[in-house]
Amino acid sequence: MPSQLNKVPADSCEVECTHPEVVERVTPLISQVEGVETIFKALSDATRMKIIYALTQEDELCVCDVAAIIGISTATASHHLRLLRTMGIAKNRKQGKLVYYSVKDHHITDLVKIAIEHHNE
């Protein structure tokens with residue numbers, strides 16, 4: 001029976017080999033992704049993704065409308081919207097007794113649209 005200890009997975013290099021010119025060129029670029037994971041962390045929750053998607057459909061929505069659209073309580077909607085604001089994904093404004101939320105910038109809207117297109121392909 002062949003030994004499984006020395007078997008290399010088909011999706012892994014069979015020998016250790018680096019390409020110094022590639023490593024040198026790409027390594028300094030890696031710092032550009034620091035903090036980007038926050039966006040994906042925010043959008044990785046199904047409720048927050050639904051909220052952001054709803055916000056991409058209108059210029060802004062009040063907390064009560066978000067709750068009704070998503071089918072959650074206003075307290076839950078408020079919690080998620082506050083988190084999205086804290087994470088830099090959404091912004092809000094108060095008008096009288098209502099708080100309206102919107103997507104902070106078009107890059108988030110573009111990202112959500114691209115993700116949905118990718119999922120639907």
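Contact here means heavy atoms within 4.5 Å. This is a predicted model, in which local features need pLDDT of at least 70 and side-chain atom pairs count only at pLDDT 80 or more, while totals for chains, interfaces and linings use all residues. Residues are numbered from 1 along each chain as its sequence is written, and side-chain values use heavy atoms, with hydrogens and water left out.

**Stop 1: Thr109**

Select Thr109 in helix α6, residues 106-120. Helices (H or I, at least four residues) and strands (E, at least two) are DSSP runs, numbered from the N terminus. Show what surrounds the side chain. Thr109 touches Thr56 and Val103, with residues up to four places away in sequence not counted. Is Thr109 buried or exposed? Its relative accessible area is 15%, so Thr109 is buried. The cut-offs are under 20% relative accessible area for buried, over 50% for exposed, and partly exposed in between (1.4 Å probe, protein chains only).

**Stop 2: Leu43**

Leu43 counts as buried because its relative accessibility is 12%. Select Met49, Ile52, Leu111 and Val112: these are in contact with Leu43, leaving aside neighbours within four places in sequence. Leu43 and Tyr53 are 10 residues apart in sequence, and their C-alpha atoms are 9.8 Å apart in space.

**Stop 3: α3 against α5**

Two packed helices are described by the angle between their axes and the distance between the axes. Select α3 (residues 46-57) and α5 (residues 74-86). Their axes come within 10 Å and cross at roughly 75 degrees. The two helices are therefore roughly perpendicular to each other. Which residues make the contact? From α3, pick Thr47, Arg48, Ile51, Ile52 and Leu55; from α5, pick His80, Leu81, Leu83 and Leu84. Axes are lines fitted to C-alpha atoms, for helices over the stretch in contact, and angles run from 0 to 180 degrees between N-to-C directions. Angles under 35 degrees count as roughly parallel, over 145 as roughly antiparallel, 65 to 115 as roughly perpendicular and the rest as oblique.

Stay on His80, in helix α5. At 10% relative accessibility, His80 counts as buried. Beyond four places in sequence, His80 touches Asp45, Thr47, Arg48 and Ile51.

**Stop 4: the salt bridge**

How many salt bridges does a search of the whole structure find? The search finds 1. Select Arg93 and Glu60, whose side chains meet in a salt bridge at 2.5 Å, N to O. The pair links distant parts of the chain, 33 residues apart: Arg93 is in strand β2 (residues 90-95), and Glu60 is in the loop between α3 and β1. A salt bridge needs a side-chain nitrogen of Lys or Arg within 4 Å of a carboxyl oxygen of Asp or Glu. Arg93 is partly exposed at 34% relative accessibility. Glu60 is partly exposed too, with a relative accessible area of 28%.

**Stop 5: Cys62**

Move to Cys62 in strand β1, residues 61-62. Cys62 is buried, with a relative accessible area of 7%. Show Val99 and Tyr100, which are in contact with Cys62 once neighbours within four places in sequence are left aside.

**Stop 6: the nonpolar patch**

Select Val22, Val26, Ile30, Val33, Val36 and Phe40, which make a nonpolar patch of about 480 Å². Patches are made of residues with over 30% relative accessible area and no salt bridge, with like charges joined within 9 Å and nonpolar side chains (Val, Leu, Ile, Met, Phe, Trp, Tyr) within 5 Å. Accessible areas come from the Shrake-Rupley method with a 1.4 Å probe; for residues, only the protein chains shown count as cover. Val36 is in the loop between α1 (20-26) and α2 (37-43). Val36 is partly exposed, with a relative accessible area of 33%.
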